Amino acid sequence: MSITNAQIREPQLGKPSLAAAADPTSLPPLRPISAPPSADEQREILNSIRPPREWTDEGHLWRQQVSSIPATRLDVLNLQEQLDARLQQRQAREMGICPVRRELYTQCFDEVIRQVTINCAERGLLLLRIRDEIRMTISAYQILHESSVAFGIRKALMAEQGRADLEAAVAKLCSEKSELEKQVVELRSRADQIERRSNEQKLAEEKKHTEQIQNLMKTNQQLKAQLEGIVAPQK
């Protein structure tokens, strides 16, 4: 954007304040359509688009403000060439989100608004309103994007924390499972021992019972033989 200075060595103009530009009270009232814009009114509109910049250097007060010189066709062509050159120089990306490309196009749009405002103040104010609306929309999308990213990070952290809790629960269950398996092995060993002892005791009892039966049968035969021996002589 072209600028004029009371005393300027390095004419570098900072970015305009969005709040100042978007504030309706900072904009001059619209004049009647039939009335041509005065120089003061035109300067006021230009200053509302991009406020003047003042600073002190070596005891001198420097003032930098937007130029009110109308742009020619050659100025527009030079502006386009400068835009293309700076896009290439700063290696701005042609597609996708690129802060560098956005910054350069914003500066170019501000210069176009300045050129239009000098020729038609109402058209310049309308373009200024459109610019501020675009900025607010982009800002809203940025806030939405940042909040969605923060929400995603929180969800990821919660999922990671839940995963750690699940892993701890799985480790605990695996430990309990190992303990239960050891108890099962011990109980099976004790059951085998009890079954073996029971079988041995059963065999011993059966053997003892068999021996008792045999002894009783032998005693019975002996008593029977003795009885027959006693009864036989009497006959």
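## Exercises on a predicted model

By class, four nonpolar, two polar and one charged residues line the second largest pocket. This is a predicted model, in which local features need pLDDT of at least 70 and side-chain atom pairs count only at pLDDT 80 or more, while totals for chains, interfaces and linings use all residues. Residues are numbered from 1 along each chain as its sequence is written, and side-chain values use heavy atoms, with hydrogens and water left out.

**Exercise 1. Find which residues line the second largest pocket, and which helix gives the most to that lining.**

Step 1. A pocket is an open set of points on a 1 Å grid over the protein atoms alone, where a 1.4 Å probe fits, with protein on both sides within 12 Å along at least five of seven lines; a lining residue has an atom within 4 Å of a point.

Step 2. The lining consists of Ile-97, Cys-98, Pro-99, Arg-102, Ile-138, Gln-142 and His-145.

Step 3. Helix H4 (99-119) and helix H5 (121-234) each supply at least two of the lining residues. With three residues, H5 gives the most.

**Exercise 2. Work out how many helices and strands the chain has, and in what pattern they follow one another.**

Step 1. Take DSSP runs numbered from the N terminus: helices are H or I with at least four residues, strands are E with at least two.

Step 2. This gives five helices and three strands.

**Exercise 3. Locate Glu-58 and Gln-91, two non-glycine residues with positive phi, and say whether each is buried or exposed.**

Step 1. Glu-58 has a phi near 55 degrees and sits in the loop between strand S2 (53-57) and strand S3 (60-66). Its relative accessible area is 60%, so Glu-58 is exposed.

Step 2. For Gln-91, phi is about 55 degrees, and the residue belongs to the loop between helix H3 (73-89) and H4. Gln-91 is exposed too, because its relative accessibility is 68%.

**Exercise 4. Find which residues Tyr-105 touches beyond four places in sequence.**

Step 1. Contact means heavy atoms within 4.5 Å.

Step 2. Tyr-105 is part of helix H4 and, at 43% relative accessible area, partly exposed.

Step 3. Its contacts are Leu-83 and Leu-87. Leu-83 is 22 residues from Tyr-105 in sequence, yet the C-alpha to C-alpha distance is 7.6 Å.

Step 4. For the whole chain, residues 24 or more positions apart make up 62% of the contacts with a separation of 6 or more.

Notes
Ala, Val, Leu, Ile, Met, Phe, Trp, Tyr, Cys and Pro count as nonpolar, Asp, Glu, Lys and Arg as charged, and the others, Gly among them, as polar. Buried means under 20% relative accessible area, exposed over 50%, partly exposed in between (1.4 Å probe, protein chains only).
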